[in-house]
Amino acid sequence: MRAMLLLLAVSIQAAHAHDMAGMANEAPLGFDAAMDNTGHLWVVDTVGEHVRVRRSDDMGRDFALSTIVNPTGEPIYAEGENRPKIALGPKGELYVTWSQPRKAPWTGFVRFSRSLDGGAHFDAPKTVHTDTAEITHRFDSLAVDGKGNVIVAWIDKRDLEAATRAHKPYLGAATYYSWSTDSGTTFAPERKITDQSCECCRIALARAPDGSIDAFFRAIYGDNIRDHAYATLPIGGKVNVQRATFTQWHIEGCPHHGPSLAIDAAGTRHAVWFSAADGKPQITYGQLQPGKEPAHQAIVAGNGASHADLAVDGRHVWIAWHQMTANGLELMLRESNDGGTTFGEPRAIANTSGASGWPKLVLHDHRAFVAWNPGGQFRMVPTEALQ
Amino acid sequence: MIAWLRRRGASAALCALAVFSMAAPVRAAAPTPLAAADVGALVAAPAKGSKVLALWSLDCAYCEENLAALRTYQRQHADVQLVYVATDPMAQRDALAQRLKDAKLDDVPARAYTDATPDRLNFMIDPTWGGETPRTLVIRADGSREAYSGALTPERVAKLLEQR
């Protein structure tokens with residue numbers, strides 16, 4: 001009996017130790033960051049079942065404000081392509097979205113909350129879409145247009161479900177969006193952007209010079225060719241979707257690897273995207289010309305490179321990405337000073353032996369910083385090369 | 001991947017292990033942990049035939065059909081070793097085991113990541129892999145490799161395993 005008790009104690013201790021070791025990499029690292037027009041940095045991430053918004057007045061070294069968005073906890077997708085998002089309104093409004101897992105695999109609801117008092121309080125979260133089926137409404141993206149309207153786009157499987165019930169073929173999932181013209185008090189009934197798009201890649205949103213929000217996302221062409229589509233998301237009216245990349249990557253699977261988009265003042269659509277056509281994984285830069293091949297295409301990085309983001313300020317274009325090596329993770333950067341016609345050599349600007357949420361480029365006063373949180377420790381990595 | 005699932009998985013696993021020590025109930029075979037130090041043995045060339053690593057994740061809607069197609073082929077070819085490798089963390093082992101059990105795929109050796117950096121394991125297993133799933137990696141006795149991203153049909157499995 002004593003031996004059995006000892007054995008039991010050892011098993012529980014071993015199990016506990018194992019779980020503790022496992023839990024060391026438990027905290028989901030998904031985050032988003034944005035600068036407001038007074039130089040404050042806003043960061044959103046998660047603490048367990050809570051979305052947390054923090055404000056830093058010194059570029060991420062310290063946080064002067066930390067507010068839980070949803071005091072009543074709920075499940076949250078908080079990692080990888082499915083991270084919480086933050087966007088700022090013209091009058092200091094704070095908007096936050098995230099995807100909430102439901103019980104069944106691959107299901108979720110897109111959730112929204114806002115603060116109209118500078119982050120001191122957030123409204124009770126609400127679901128953005130009217131469809132309440134227990135299916136995929138996930139991979140939310142969030143943007144504010146030039147008039148202050150809030151736009152939310154996401155991946156949605158209602159059309160796949162309908163096709164399956166009707167025994168009709170349907171590849172992937174649809175992409176939907178909604179908008180709010182009253183600072184998030186209400187959202188318009190959702191509209192479809194396109195059918196048969198990718199079911200697991202983030203949607204890139206960016207503001208065009210006319211103030212409208214454009215979307216760039218992975219779509220499916222023919223027999224599981226997973227390239228990218230481009231669409232301006234109107235506040236009402238018809239959505240015009242055009243193919244924007246032509247890598248011809250065939251995959252009946254989940255790339256888990258969405259693109260990034262930034263539009264300069266002249267309307268040039270700078271973008272980066274991932275593909276592994278012909279078995280060669282690579283991140284490509286190009287200037288999108290929806291309907292035809294992107295201009296100025298350049299291979300940014302190859303094996304081990306992932307989750308690139310980009311930003312543009314005048315003729316200056318920055319691309320940041322994760323480069324995995326046998327020794328750890330490097331945060332890489334390439335820069336162009338001629339509007340994306342040519343790029344300098346890649347260089348590592350930070351590294352970690354652990355993991356980080358995907359890099360996010362943030363502009364401030366014509367400088368670029370990469371928001372990064374290796375091991376959950378948030379920081380803003382300057383992009384300037386040492387002289 | 002999913003905060004609540006991880007937490008739920010971790011606490012459920014603790015309970016399950018404690019109960020197992022006392023009552024040993026029947027439960028689906030859980031994946032065993034795969035750490036960086038284990039990758040060398042995992043990707044080592046087999047003494048004969050082929051080793052097939054079927055990389056999958058809970059969030060991949062195409063993965064179960066791929067696992068099933070590979071299992072069917074393996075059952076008909078004794079010189080093929082098959083290992084399911086989930087890129088999800090071990091904290092989700094109960095969810096992983098249940099998913100395999102529900103799909104009647106729980107009789108194949110299964111591993112799950114246990115490393116602070118899943119992308120690092122991806123890179124160590126196959127540096128030409130961008131993390132997309134499903135991913136099938138074939139390693140032959142002579143050390144040569146073939147890889148395929150996306151769901152395999154039975155025909156594609158045969159083509160992948162038999163092409164030289």
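Here is a walk through the structure, chain A and then chain B.

A bit of bookkeeping: this is a predicted model, so local features need pLDDT of at least 70 and side-chain atom pairs count only at pLDDT 80 or more, while totals for chains, interfaces and linings use all residues. Residues are numbered from 1 along each chain as its sequence is written, and chains are lettered from A and ligands numbered from 1 in the order in which they are written.

Let's take chain A. It has 2 helices and 27 strands, where helices (H or I, at least four residues) and strands (E, at least two) are DSSP runs numbered from the N terminus. The radius of gyration of chain A, taken over C-alpha atoms, is 21 Å, close to the 21 Å from the globule rule for 387 residues, so chain A is as compact as a globular protein of that length. That rule is 2.2 Å times the number of residues to the power 0.38. The C-alpha trace of chain A spans about 75 × 65 × 50 Å along its principal axes. Of the 387 residues, 50% count as buried, meaning 20 or more other C-beta atoms, placed from the backbone, lie within 10 Å of a residue's own.

Over residues 1-25 of chain A, though, pLDDT stays under 50. Where pLDDT is low, the predicted coordinates should not be read in detail.

Now for chain B. Here you'll find an open sheet of 6 strands in the order β1-β4-β3-β2-β5-β6, with mixed pairing; two strands pair if DSSP finds at least two bridges between them. At the edges sit β1 (32-34) and β6 (145-149) of chain B, each pairing on one side only. From one strand to the next, the twist averages 25°. Strands β2 (residues 50-56) and β3 (residues 80-89) of chain B run parallel and are joined by 7 bridges, with B:Ser50 standing opposite B:Val80.

Helix α6 (residues 154-162) of chain B lies across β2, β3, β5 (135-140) and β6 of chain B, at about 30° to β5(B). Angles run from 0 to 180 degrees between N-to-C directions, with axes fitted to C-alpha atoms, for helices over the stretch in contact (C-beta atoms, placed from the backbone, within 7 Å).

Helix α4 (residues 93-102) of chain B is mostly covered, with 7 of its 10 residues buried, including B:Leu96 and B:Leu100. Just after α4(B), B:Lys104 takes a positive phi of about 55°.

Notes. A residue is buried if 20 or more other C-beta atoms lie within 10 Å of its own, exposed if 12 or fewer, and partly exposed in between; C-beta atoms are placed from the backbone. Two residues are in contact if their C-beta atoms, placed from the backbone, lie within 7 Å. pLDDT is the predictor's confidence in each residue, from 0 to 100.
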